[in-house]
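Have your viewer ready and your selection tool at hand. We will go from stop to stop, selecting a few elements each time and looking at what is there.

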Amino acid sequence: MTRVVRVRPEAPDPASIAEAGAVLRAGGLCAFPTETVYGLGALALSEDAVRAIFAAKGRPADNPLIVHVLELDDARALTCAITPLAERLAERFWPGPLTLVLPRAAVVPSIVTAGGDTVAVRAPSHPVARALLAEVGAPIAAPSANRSNEVSPTRAEHVVASLGDRVALVLDGGPCDRGIESTVVDATGDAPVILRPGSITRAEIEDACGVAVGTGVTAGARRSPGQLARHYAPRATLRLVPAAALSAEMARASASAARVVALTPGPSPYPGRALPDEPVGYAAGLYDALHELDARADVIIAVLPPDGDAWEGVLDRLRRAAHEGGDA
Ligand code: TXA
Ligand code: MG
């Protein structure tokens, strides 16, 4: 049985953190909240512990993990060359939802990096994640705490529903604020390249660096192998449509499926979920909405968010949920 331990998100009690730390130190798996989504943690420098993450998730061995640290100085130990670009980005956005891809140091087991010569590192801001990092005094590898290809968890209930007793302990710190994963940036070169859009926007990164930001493929790092079209997918069919097509699509889908719901930015006259009409609030509620709608619908008609950089992370997740986007 999975043990679920409630903790106050702002001030987790030390006994709960100590219990979670003991699970990790023994080589076990512990799920914990971060500001983005729940992570499935294991000691990053223990090959056996990390192997258990891949097994619990059913994650292909070619998809590397993000290593979580408290601060930039801890990241230095994991990379053989922290770039000026990485320092700048870390200074601006850490602790927070930005992951930096850097040249890997030999201390990082190759299972973590999927055999690659780069390592992804981030310093989370969530007090529970930070308390756990301080407790174990070592880097924690943590992908999202869901079975591979399922919707990421933003509540402890989502973790338990997806992983069940594949995880020993879940620290339940309530819902995650940001709601979509960190932005993954290749920081191996002179200019940042976004490998996965996320919680920190392109405009914020450009503002911090003073240079244009690329997307997708780089010379130094490969694309994020995890960016497959099938990621973040609910079981229900999700169809992504322009706002103007919503009523026609609802009618069309209702003709052939019993349970059809709408997922919209802002209110809609249909059953389903109306998320906030701005990107931060929408992102915060997106995965929770997908989990909930997936449980009670066969078809989800999702209305495309407005254009604009601030919606990039949300649009990426919606496209993947609809099996449209991605590198596949
Ligand atoms: O917000 C987040 O980033 C959450 C929380 C728990 O920190 N973690 C998360 O991990 O989303 P995961 O494993 O679900 O996604 C990690 C992404 C994958 O797309 C993976 O391919 C990419 O980061 N990645 C990891 N290491 C990489 C590397 N060395 N080079 C390029 N991409 C990498
Ligand atoms: Mg994931």
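Start by selecting helix α9 (residues 279-296) and helix α10 (residues 312-321), which pack at an angle of about 25 degrees with their axes 10 Å apart. Axes here are lines fitted to C-alpha atoms, for helices over the stretch in contact, and angles run from 0 to 180 degrees between N-to-C directions. Before going on, note that this is a predicted model, in which local features need pLDDT of at least 70 and side-chain atom pairs count only at pLDDT 80 or more, while totals for chains, interfaces and linings use all residues. Residues are numbered from 1 along each chain as its sequence is written, chains are lettered from A and ligands numbered from 1 in the order in which they are written, and side-chain values use heavy atoms, with hydrogens and water left out.

α9 and α10 are therefore roughly parallel to each other (angles under 35 degrees count as such; over 145 is roughly antiparallel, 65 to 115 roughly perpendicular and the rest oblique). Helices and strands are DSSP runs numbered from the N terminus: H or I with at least four residues, and E with at least two.

Now show side chains. Pro279, Tyr282, Ala283, Leu286, Tyr287 and Leu290 in α9 meet Val314, Arg317, Leu318 and Ala321 in α10, contact meaning heavy atoms within 4.5 Å.

Next, select the strands. Eleven of them form an open sheet of mixed pairing, in the order β1-β8-β2-β3-β7-β4-β6-β5-β9-β10-β11; two strands pair if DSSP finds at least two bridges between them. β1 (3-6) and β11 (214-215) stand at the edges with a single partner strand each, so one side of each has no neighbour in the sheet.

Zoom in on β5 (residues 98-103) and β6 (residues 118-122), which run antiparallel and are joined by four bridges. Leu100 has Val121 in β6 as its bridge partner.

Last stop: Ala129, in helix α5 (residues 127-136). Is Ala129 buried or exposed? Ala129 is buried, with a relative accessible area of 1% (buried means under 20%, exposed over 50%, partly exposed in between, with a 1.4 Å probe and protein chains only). Leaving aside neighbours within four places in sequence, Ala129 contacts Phe32, Pro33, Thr34 and Pro124.
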